[in-house]
Amino acid sequence: MGGEQQIGRSGTLNVPGIIGLGWACEIAMNNQKNITKNLALLRDTFEQEILERVPDIITIVGKDTNRLPNVSNLIIEGVEGERFMINVGNQLAFSTGSACSKGKPSHVLRTMGYELSEISNSIRISFSKFNHLDELDKVLELMTNEIKRIRNESFRIRLHTTVI
């Protein structure tokens with residue numbers, strides 16, 4: 001903003017914008033504790049429910065550690081993450097790894113001691129402040145059905161190839 005009349009250094013300050021940004025930051029800081037608490041509740045409820053619906057085949061990465069309140073990373077035995085993503089990716093938003101390592105096994109999971117076979121069976125689900133507990137049933141039903149479908153299909157393929 002401003003013009004050459006300012007001796008070659010134009011730059012009139014946007015005072016209303018600066019004040020507005022300050023208020024927005026203050027509001028965000030005041031709400032952050034509640035947002036973090038709600039995200040952790042959403043994540044923990046999701047993880048508890050998915051473990052109840054599909055027991056003994058899911059590992060929750062970092063479950064007993066201090067971690068981000070909005071991310072759940074699951075390793076689903078017998079369900080390749082990429083295949084799962086292709087099958088339900090148009091209905092849910094999740095990933096098989098970080099955006100910066102697309103197509104490569106997660107170096108973080110590798111460093112944590114997970115095998116490549118486990119890493120390929122991992123999916124990451126992120127929640128936002130716009131998600132609510134009442135949305136979880138739909139997500140859990142979709143995921144549970146797809147996990148069971150893929151595992152049953154894989155079992156039939158293994159059984160068929162063993163018989164032949």
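Predicted model: local features only at pLDDT ≥ 70, side-chain atom pairs only at ≥ 80, totals over all residues.
Residues are numbered from 1 along each chain as its sequence is written, and side-chain values use heavy atoms, with hydrogens and water left out.

Five helices and four strands make up the secondary structure, where helices (H or I, at least four residues) and strands (E, at least two) are DSSP runs numbered from the N terminus; along the sequence they follow the pattern α-β-β-α-β-α-α-β-α. Of the 164 residues, 30% count as buried, a term for under 20% relative accessible area, against over 50% for exposed and in between for partly exposed (1.4 Å probe, protein chains only).

Strand β2 (residues 71-76) has six of its six residues buried, with V71, N73 and I75 on one side and S72, L74 and I76 on the other. In a regular strand the side chains alternate between the two faces of the sheet. Strand β2 pairs in the antiparallel sense with β1 (residues 58-60) over three bridges, and five bridges join β2, again antiparallel, to β4 (residues 122-126); pairing here requires at least two DSSP bridges between the strands. Within these pairings, I60 has L74 as its bridge partner, and S72 has I125.

Helix α1 (residues 15-53) contains R43, which counts as buried because its relative accessible area is 8%. Leaving aside residues up to four places away in sequence, R43 touches R67, L68, P69, V71, S72 and F127, a contact being heavy atoms within 4.5 Å. A polar atom of the R43 side chain lies 2.6 Å from the backbone oxygen of L68.

The side chains of R43 and D44 also meet in a salt bridge (2.8 Å, N to O), that is, a side-chain nitrogen of Lys or Arg within 4 Å of a carboxyl oxygen of Asp or Glu. R67 forms another with E47, the closest N and O atoms being 2.7 Å apart. This pair links distant parts of the chain, with R67 in the loop between β1 and β2 and E47 in helix α1, 20 residues apart. E47 counts as buried because its relative accessibility is 0%.

Technical notes. Polar contact = N/O pair within 3.5 Å; in protein donor to acceptor, adjacent residues only side chain to side chain.
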